[in-house]
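Please keep the sequence and the 3D view at hand while reading.

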Amino acid sequence: MAKGLNLSSDTSLKPDFKLNSPKTWFRTAIAIDSTTTLSRRHIYILPTRFGWLYGLLLIGLLTGSINYSISLGFAITFLLAGLGLIGMLHTWRNLANLKIEAKRANPVFAGEQAVFEFNVIDDSNRARYSIFAAFADKESDIQDIPALGESTFRLSLPSQKRGWLKAPRITLSTEFPVSLFHVWAYAETENQCLIYPHPSLRSQILPSADTDGATGQLSTTQGDDDFAGHLNYQFGDSPKRIDWKASSREQGMLVKQFQGEASSTLWLDFNATTGNNIELRISQLTRWLVDADAQQLKYGLRLPQHSIQPNSGAAHYHQCLTALALM
Amino acid sequence: MTNKAGTQTNLSMHAIIWLLLSLSITFTLYAFNLENWVPACFVVFAIWRYLIEKNNWSYPTLWLRFPLTIAGGLAVLLTYGSLFGRDASVALLAVMISMKLLETRTKRDFIVMVILSYFLTVNILLFTQAIWVFLAVLLALTGLTACLISVSHQSMQTNISTQVWKNHFKVQVKLAGKLLLQATPIMLVLFVLFPRIPGPIWGIPQDSYSGMTGLSDSMEPGNISQLSLSSKIAFRVEFKSAIPANNQLYWRGPVLWHQEGRRWQMASDRIPLPMETLQTSGSATDYTITLEPHNRNWLLMLDLPEISASTLPAEARVKHDMQVLSKEPIRTRIRYQGSSYLQYKLGAELSEHERTLALQLIEDENPKTRQLAAQWISEKKSPTAMVEAALKMFREQEFVYTLAPPRLGKEPVDDFLFNTKRGFCEHYASSFVYLMRAAGVPARIVTGYQGGEINPNGNYLIVRQSDAHAWAEVWLQDRGWVRVDPTSAVSPDRIEMGIGAALTDSDLLPLLSRQDYPMLKHLYMNWDAVNNGWNQWVLGYDQAKQLALLKKLINKDIAWEDIGLILVVSMIALMLFVSYLLLSNKGMVLNPSNRIYQQFLKKLAKAGVTKLKHEGAISFGQRAAKTLPNQASEILEISALYSSMQYAKQANSKITNIQSLNLLKQLVNNLKV
């Protein structure tokens with residue numbers, strides 16, 4: 001988690017597309033039925049600096065051949081010129097007609113790197129080599145794609161704001177096989193990553209259940225409970241609470257259950273947070289949520305619109321964070 | 001726009017190997033043309049660079065590279081006396097490329113290196129354009145392209161297995177070959193149609209043609225025997241009619257008038273002399289000569305040419321002594337047609353001026369020779385008798401025809417005629433003319449080539465530098481200039497059968513001019529026929545040939561300017577065609593089993609079952625079987641077979657694959673929906 005990230009100053013977010021940037025003038029392939037296809041209308045091509053150097057080489061060879069009247073010089077010069085042109089077509093087709101499919105992205109907390117994954121698929125029965133993918137020339141990944149196969153590209157982006165983060169436009173490019181031409185295309189995918197709110201850094205003590213009338217309640221104190229019995233392991237249960245000895249004796253995993261825990265319920269209430277800034281209050285609530293989960297407490301979440309009944313475990317934890325992220 | 005650096009993982013070893021391999025080919029070619037230390041320098045730096053890569057040594061620092069660069073430049077300067085000129089600049093480029101190997105690390109370095117190496121490799125054509133050189137250049141270009149491909153193939157993978165690593169070599173060279181093959185049609189169209197401008201556009205370095213051999217404008221004892229050691233081809237001749245006998249094949253080159261010590265020179269152009277008259281008899285011999293470049297103006301013709309009936313290159317002129325000169329030195333292979341008469345009478349009248357020139361001798365030299373001449377004069381011998389006497393002397397005394405004559409002393413003619421008596425054609429011709437002039441008979445030396453070798457494979461004559469010859473012409477009243485070949489008096493075989501038969505010490509001669517090794521000779525003749533075609537159609541392809549070819553193709557006269565238009569139109573058409581082939585997605589390559597499966601899909605589609613895009617063969621088969629229960633078993637069998645063929649391709653042997661392919665074909669053909 002990034003330290004010292006000041007959320008309050010980040011309310012105005014930088015747009016993904018700059019209208020004044022010439023790059024936005026280019027045609028972008030868009031996703032249809034969750035698949036983006038780079039058709040030939042989306043492919044752009046320009047010589048690289050090596051391409052220009054190669055052009056200079058050809059001019060030099062041609063003038064030399066004319067000046068010295070070397071017939072074979074003409075032949076080789078034209079062969080190299082042909083190589084350049086064929087190389088151009090090969091570079092172009094190395095990128096053309098690729099398909100891009102978005103994959104699900106794992107949620108992260110605001111401030112962390114959101115990792116987007118997408119499959120790039122070849123269905124033209126041609127292996128593609130050295131395909132670059134990048135977000136606005138920053139993060140890049142490079143992969144080969146087998147003929148009639150696919151490769152997974154992984155691009156990350158720093159997340160800033162809670163909620164859904166749509167993957168920005170991807171630039172796919174290649175210079176294979178001759179590095180004389182740069183071929184690129186812009187593609188939009190349906191990749192999106194859920195960004196949980198950033199947990200506030202001030203580690204405040206969890207609200208106590210003792211305070212009557214308080215909205216955030218912690219019914220019992222933890223730590224001195226008596227062992228009450230075993231429960232079957234459920235996804236999200238802490239490994240610390242697994243009774244390894246008992247599990248090895250019985251079939252399946254068992255989790256130790258402590259006295260009083262079942263009855264102690266912590267309500268994390270939006271109204272219990274203070275301050276004027278909603279984002280800061282959500283941040284505070286997130287911190288409690290994270291702490292409560294770390295302490296393996298049973299907790300419920302009460303938001304202005306709706307509330308989530310107390311529970312524990314990973315699924316519950318993510319459900320609560322999602323509710324906060326999309327609030 | 002460029003991809004970021006930092007992904008330079010594992011590019012180096014493939015690239016280094018390709019680069020060093022291709023440069024090795026290039027430098028091997030240069031080993032024949034540049035000073036030996038230049039390729040040696042490459043070998044040192046190449047091995048060094050390879051060891052750096054292999055053993056992870058550190059790259060040499062600037063403090064080492066800088067003095068090395070200076071030293072390389074100095075070495076070129078010292079060897080070639082300059083940094084400019086053809087040889088020096090190519091050597092400099094070669095040395096600098098060798099040294100740059102030591103600082104070639106990143107993708108950028110490699111690509112710049114490959115482009116420089118392309119340039120260096122093509123530059124070999126300044127020195128030689130033989131077929132095998134062309135093939136070697138193609139090989140080097142393929143390697144360099146493979147290097148370019150290996151550098152372009154960036155990947156995140158750092159640890160790949162040796163098998164995959166080796167496989168990359170194959171993939172890279174295959175792709176390089178493919179790219180060059182696909183470039184060939186473009187090359188052909190451009191080569192045929194690109195308008196040829198007769199060069200040069202600007203000056204050419206002095207030493208550009210230093211490698212060319214041929215007759216010089218002067219002659220000294222030793223000149224022609226030196227030339228005879230070269231097996232290089234001087235020119236080739238195709239005859240329209242039968243090839244004349246060997247002893248008639250005198251190819252006329254520079255005519256030498258002026259004597260100065262042991263040196264004979266052409267008459268100065270400043271003295272205007274009347275054109276010698278020419279009367280011909282018999283029938284003309286028509287022929288076409290393809291002259292190799294020799295960096296001089298001589299256009300060789302069969303003795304004696306009828307200029308008006310010959311098709312000479314533009315601006316060629318004929319000197320008064322029937323020597324044909326081009327305006328510019330011959331620096332590219334040219335073709336011209338000649339028409340000659342073997343029976344003729346040249347120069348019926350001899351002007352006073354000509355007589356003076358044809359009798360010119362430096363005074364007070366060779367007293368013994370002069371004494372012999374004076375004796376003949378006192379005997380009141382006729383000029384014809386004097387010629388006879390001289391030839392008789394050569395014939396009857398112990399004169400020897402040899403490529404390795406002893407050095408002549410201060411009085412060269414005396415020394416030769418009365419002392420050593422061993423010499424090559426220039427010794428005989430010059431001493432004969434000297435003797436004639438001393439005796440008051442107008443005489444001159446003609447240099448050129450004598451004889452030639454018939455290539456039965458192409459029915460043409462090959463004349464080599466080893467056929468270089470010198471003979472004499474004497475002017476006789478009523479007969480004009482008469483050719484006298486004193487060499488024939490000493491060694492009739494030379495004139496009748498060629499140089500290989502005439503010399504006893506023939507091992508000095510180039511292998512191919514000798515008479516032994518008939519098998520080798522036979523092979524060589526085939527090879528030369530190929531070479532001749534190469535010369536005619538590839539190396540000799542110029543503006544005239546281009547226009548002639550287009551005329552043949554289009555059946556219409558076209559102007560030089562129109563070629564540009566034809567070129568543009570053809571290139572556009574070709575590029576559209578090539579782009580369609582390469583880029584159209586329909587051109588998707590299907591393997592045989594794919595193709596049969598497509599037929600199967602078509603059949604089912606007609607019956608109303610269409611395969612969904614992301615449906616596997618098996619699941620589609622199951623769905624189709626449910627819809628078409630009557631053909632369920634066949635459909636399932638086809639699907640299973642196809643699926644197994646798709647995924648077990650590598651595992652099975654070739655035979656199993658063919659068997660299952662046939663089975664699949666049969667099943668699909670028998671399927672009735």
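This is a predicted model: local features need pLDDT of at least 70, side-chain atom pairs count only at pLDDT 80 or more; totals for chains, interfaces and linings use all residues.

How many residues of chain B are in contact with chain A? There are 55 such residues in chain B, and they are in contact with 50 residues of chain A. The helices α5, α6, α7 (162-193), α17 (518-539) and α19 (560-583) of chain B each supply at least two residues of the side that touches chain A. Of the elements of chain B, α7(B) gives the most to this side, with ten residues. The side of chain B that touches chain A is made up of 37 nonpolar residues, 17 polar residues and one charged residue.

Within chain B, α5(B) also packs against a helix of its own chain. The axes of α5(B) and α6(B) come within 10 Å and cross at roughly 170 degrees. Angles over 145 degrees count as roughly antiparallel, and α5(B) and α6(B) are therefore roughly antiparallel to each other. From α5(B), the contact takes in Lys107(B), Phe110(B), Ile111(B), Val114(B), Ser117(B), Tyr118(B) and Thr121(B). From α6(B), it takes in Val137(B), Ala140(B), Leu141(B), Leu144(B), Cys147(B), Leu148(B) and Val151(B). Eleven residues of the contact of α5(B) with α6(B) are nonpolar, two are polar and one is charged.

The next helix to find is α1(B), which covers residues 12-31 of chain B. At 1.5 Å a residue, its 20 residues should span 28 Å, and the end C-alpha atoms are 27 Å apart, so the two values agree. Among the buried residues of α1(B) are Trp18(B), Leu19(B), Ile25(B) and Leu29(B). The buried residues of this helix pack against α2 (37-55), α4 (86-100), α5 (107-123) and α6 (131-152) of chain B. With one of these, α2(B), the axis of α1(B) crosses at roughly 170 degrees, and the two axes come within 10 Å. The two helices are thus roughly antiparallel. The residues that make this contact include Ile16(B), Leu20(B) and Phe27(B) of α1(B), together with Phe42(B), Ala46(B) and Tyr50(B) of α2(B). Twelve residues of the contact of α1(B) with α2(B) are nonpolar, one is polar and two are charged.

Chain B also contains strands. Is strand β3(B) largely enclosed or largely open? Eight of the eleven residues of β3(B), residues 250-260, are buried, so the rest of the structure largely encloses the strand. Five bridges join β3(B) to the antiparallel strand β12 (residues 443-450) of chain B, where Val255(B) stands opposite Val446(B). Two bridges join β3(B) to β6 (residues 301-302) of chain B, again antiparallel, and here Arg252(B) stands opposite Met301(B). Four bridges link β3(B) to β4 (residues 263-266) of chain B in the antiparallel sense, with Gln259(B) opposite Trp264(B). β3(B) and β4(B) form a hairpin with two residues between them, and Gly261(B) in the turn has a positive phi of about 65 degrees.

Chain A has an open sheet of five strands with antiparallel pairing, in the order β2-β3-β5-β7-β10. β2 (31-32) and β10 (150-158) of chain A stand at the edges with a single partner strand each, so one side of each is left without a neighbour in the sheet. Three bridges join β3 (residues 35-37) to β5 (residues 98-102) of chain A, and Thr37(A) stands opposite Lys99(A) in β5(A).

After α4(A) comes Gln296(A), whose phi is positive, near 55 degrees.

Technical notes. Residues are numbered from 1 along each chain as its sequence is written. Chains are lettered from A and ligands numbered from 1 in the order in which they are written. Two strands pair if DSSP finds at least two bridges between them. A residue is buried if 20 or more other C-beta atoms lie within 10 Å of its own, exposed if 12 or fewer, and partly exposed in between; C-beta atoms are placed from the backbone. The expected span of a helix is 1.5 Å times one less than its number of residues. Two residues are in contact if their C-beta atoms, placed from the backbone, lie within 7 Å. Axes are lines fitted to C-alpha atoms, for helices over the stretch in contact, and angles run from 0 to 180 degrees between N-to-C directions. Angles under 35 degrees count as roughly parallel, over 145 as roughly antiparallel, 65 to 115 as roughly perpendicular and the rest as oblique. Ala, Val, Leu, Ile, Met, Phe, Trp, Tyr, Cys and Pro count as nonpolar, Asp, Glu, Lys and Arg as charged, and the others, Gly among them, as polar.
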